[in-house]
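Trainee: I have a new model open and would like to learn how to read it. Can we go through it feature by feature?
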Amino acid sequence: MDWLRHIPLLSRILLVESNGMSFLDAMPLLYSGILACTLAALVSSFLGVFIVLKRIVFVSAALSQVSALGIAISIVMGLFFGVHFTEGEQSGFLSVPALVSFLFAVVAALLLAIQVGERKITRESIVGISYVLPAGLVLLILDKVAVETHEIDNILFGNAVFVSDKQLFLLAGASLLIFAIHALLHKEFLFSSFDAESARAMGIKAVAFNQLLYFTFALAISISISAIGALPVFSFMVIPATSALLVSDHIKRVFVLATIFGLLSALFGFYFSFVYSLPTGSAMLTVSSFFLLPGLLRRYFIK
């Protein structure tokens, strides 16, 4: 990557040093983290448009917590049977914590996709319980399982700097699968999500497509938080899509803008976290919040 040193403006940015090493020199060590954050940002920001428009933001938060609970429980069960599920001891392509996290998230997503008819138990209360209960249980586990505390702490708050090749390949495969599903069924997802009457008139099975849409949420969340942590994944699900919706009223442009905002948030957030020695997940979240400004200014001056 020495050719990057000959591009005037880019070289000045990449050659900024932190702790005696420039960002360009550190890239061979950081490339997996950069790619993982980029992939997670792209797929989460794209799916976030559905999540924000369907007003199910806390569904994604609940799925993140349920997925984290799956990882925490798998670690506890591993300790109970004398197995340490640390990265270096996993021989299979999909680690046990990642598999349990995925199963927990899929089951929760399919249950949350069901429309509740009971008046006393509202959908909001179910989503709230699905969020707060796993969050509390993970904190209990975090408090009691001192041996693996750093592992669960990374899941909760994110450690996107060093991502294993296995996690990166898994994230890339899941991202390709999700984008392929949405490329094939994008129209069906839009109609079943936002125009149920037209969907029924077109013979689209809205309930089935809604559950498949939730499955893609669960797949993206469970695989992404295993790689970069719950906090940045949740922020990518909400902030880029909200920023895009504030800028444009055209649905196709919203999807494009959301993915661009998510991509730039990941890249600049990762860069600033290196230069200023900041937590990577928090840096990406903060950068993504700046993309809210153009839309807020537009809404303020153009009413």
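Trainee: How many aromatic pairs does a search of the whole structure find?

Mentor: Keep in mind that this is a predicted model. The search finds 15 aromatic pairs.

Trainee: How is such a pair described?

Mentor: Two values describe a pair of aromatic rings: the distance of the centres and the angle of the planes. Take Phe 23 and Phe 274, an edge-to-face pair. Their rings are 5.3 Å apart centre to centre, with 65° between the planes. Phe 23 lies in helix H2 and Phe 274 in helix H11, so the pair ties together parts that are 251 residues apart in sequence.

Trainee: Are Phe 23 and Phe 274 buried or exposed?

Mentor: Phe 23 counts as buried, at 6% relative accessibility. Phe 274 also counts as buried, at 16%. Both belong to one aromatic cluster, together with Phe 268, Tyr 271, Phe 272 and Tyr 276.

Trainee: Now the core. How many residues does the largest nonpolar core have?

Mentor: First, the general idea. In soluble globular proteins, nonpolar side chains tend to be buried together. Here, the largest nonpolar core has 78 residues. Among those with the most contacts inside it are Phe 23, Leu 63 and Phe 217. Helix H2, residues 23-53, gives the largest share, 17 residues.

Trainee: Which residues is Leu 63 in contact with, leaving aside its neighbours within four places in sequence?

Mentor: They are Ala 105, Ala 108, Ala 109, Leu 112, Phe 217, Ala 218 and Ile 221. Now try Phe 102, in helix H4 (residues 96-112). With neighbours within four places left aside, Phe 102 is in contact with Phe 215, Leu 219 and Ser 222. Phe 102 and Ile 223 are 121 residues apart in sequence, yet 7.0 Å apart in space, C-alpha to C-alpha.

Trainee: What about charges? Which side chains meet in a salt bridge?

Mentor: The count comes to 1 salt bridge. Asp 249 and Arg 298 form it, at 4.0 Å from N to O. The pair links distant parts of the chain, 49 residues apart. Asp 249 sits in the loop between helix H10 and helix H11, and Arg 298 in helix H13. Asp 249 counts as exposed, at 64% relative accessibility. Arg 298 is partly exposed, at 30%.

Trainee: Last, the surface. Which residues make the nonpolar patch of about 830 Å²?

Mentor: Phe 290, Leu 293, Leu 296, Leu 297, Tyr 300, Phe 301 and Ile 302 make it. H13 gives the most, with 5 residues. Leu 297 is found in that helix. Leu 297 is partly exposed, with a relative accessible area of 49%.

Methods:
Residues numbered from 1 in each chain as written. Predicted model: local features only at pLDDT ≥ 70, side-chain atom pairs only at ≥ 80, totals over all residues. Heavy atoms only, no water. Core = buried A, V, L, I, M, F, W, Y, C linked by side-chain atoms within 4.5 Å. Buried < 20%, exposed > 50% of the residue type's maximum accessible area, 1.4 Å probe, protein only. Helix = DSSP H or I, 4+ residues; strand = E, 2+ residues; numbered from the N terminus. Contact = heavy atoms within 4.5 Å. Patch = residues over 30% accessible without salt bridge, like charges linked within 9 Å, V, L, I, M, F, W, Y side chains within 5 Å. Areas by Shrake-Rupley, 256 points an atom, 1.4 Å probe, with all protein chains shown as cover. Phe/Tyr/Trp six-rings, centres within 6.5 Å; stacked < 30°, edge-to-face > 60°.
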